[in-house]
Amino acid sequence: NIAAAMIAGAYRNAYDVAVLVSGDADQVAAVQAVRAAGKSARVVLPPSRTSTHLKDVANTAYPLTTFLDACQLPPSLHGPNDFLLRRPDSWTAPRT
């Protein structure tokens, strides 16, 4: 499971920074163990799944929408021969 892998990796010195994509409070103990091993733990929180406790025990926490915005195509792109491609409104990242 993800908690065991994070903890084992921390103690094997397999990484310097753990990045967990979860808003589940069940991961609090794993994040605490990673930090106790001297590693940094960053949490990326999915929309509508935010554990305040998980956010508090991590070194840093970011909403997933921060990254989704950066990965989206712009609202429109101009191609060859004046071709215009528009991103559907439904593809716009949700706001938390």
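**Entry 1: the loop at Asn81**

I began with Asn81, which lies in the loop between strand 4 (76-78) and strand 5 (84-86). Asn81 is exposed, with a relative accessible area of 77%. I applied these limits throughout: buried is under 20% relative accessible area, exposed is over 50%, and partly exposed is in between, with a 1.4 Å probe and protein chains only. The phi of Asn81 is positive, about 60 degrees, although the residue is not a glycine.

The model is predicted: local features need pLDDT of at least 70 and side-chain atom pairs count only at pLDDT 80 or more, while totals for chains, interfaces and linings use all residues. Residues are numbered from 1 along each chain as its sequence is written, and side-chain values use heavy atoms, with hydrogens and water left out.

I then looked up Asn13, in the loop between helix 1 and strand 1. Its phi is near 60 degrees, a positive value in a residue other than glycine. Asn13 counts as exposed, at 54% relative accessibility.

**Entry 2: helix 1**

At the N-terminal end of helix 1, I found Asn1 as the cap: a side-chain oxygen lies 3.0 Å from the backbone nitrogen of Ala3. A polar contact here is a pair of N or O atoms within 3.5 Å; within protein, one must be able to donate a hydrogen and the other to accept it, and residues adjacent in sequence count only if both atoms are side-chain atoms.

Which residues of helix 1 are buried? They are Ala3, Met6, Gly9 and Ala10. Because they cover an arc of only 140 degrees around the axis, they sit on the same side of helix 1. The arc is that of the directions from the helix axis to the C-beta atoms. As background, an α-helix has 3.6 residues a turn, so residues three or four places apart point the same way.

The cover over the buried residues of helix 1 includes strand 1 and helix 2. Ala3 touches Gln27 and Ala30, not counting residues up to four places away in sequence; contact means heavy atoms within 4.5 Å. I also checked Ala3 against Pro46: the two are 43 residues apart along the chain, and their C-alpha atoms are separated by 18 Å.

I next traced an open sheet of three strands, which has the order 1-2-3 and parallel pairing. Two strands pair if DSSP finds at least two bridges between them. Strand 1 and strand 3 (60-63) are the edge strands, each pairing on one side only. From one strand to the next, the twist averages 20 degrees.

How many bridges join strand 1 to strand 2? I found five, and the two strands run parallel. Among the bridge partners in strand 2, Ser40 is that of Val17 and Ala41 is that of Ala18. Helix 2 packs on the sheet, touching strand 1 and strand 2, and its direction makes about 150 degrees with that of strand 2. Axes are lines fitted to C-alpha atoms, for helices over the stretch in contact, and angles run from 0 to 180 degrees between N-to-C directions.

Strand 2 is mostly covered, with five of its six residues buried. In helix 2, I listed Val28, Ala30, Val31, Ala33 and Val34 as buried. Their cover includes helix 1, strand 1, strand 2 and helix 3.

**Entry 3: the core**

I turned to the largest nonpolar core, which has 16 residues. Such a core is a set of buried Ala, Val, Leu, Ile, Met, Phe, Trp, Tyr and Cys residues joined through side-chain atoms within 4.5 Å. The residues with the most contacts inside the core are Met6, Tyr15, Val31, Val34, Val43 and Leu54. Helix 1 (2-11), strand 1 (17-21), helix 2 (28-36), strand 2 (40-45) and helix 3 (52-57) each supply at least two core residues. Helix 2 gives the largest share, four residues.

I looked up the contacts of Tyr15: leaving out residues up to four places away in sequence, Tyr15 touches Met6, Gly9, Ala10, Val34 and Lys39.

**Entry 4: Ser51**

Last, I looked at Ser51, in the loop between strand 2 and helix 3. Is Ser51 buried or exposed? Ser51 is buried, with a relative accessible area of 9%. A polar atom of its side chain lies 3.1 Å from the backbone nitrogen of Leu54. Leaving aside neighbours within four places in sequence, Ser51 is in contact with Gly23, Asp24 and Ala25.
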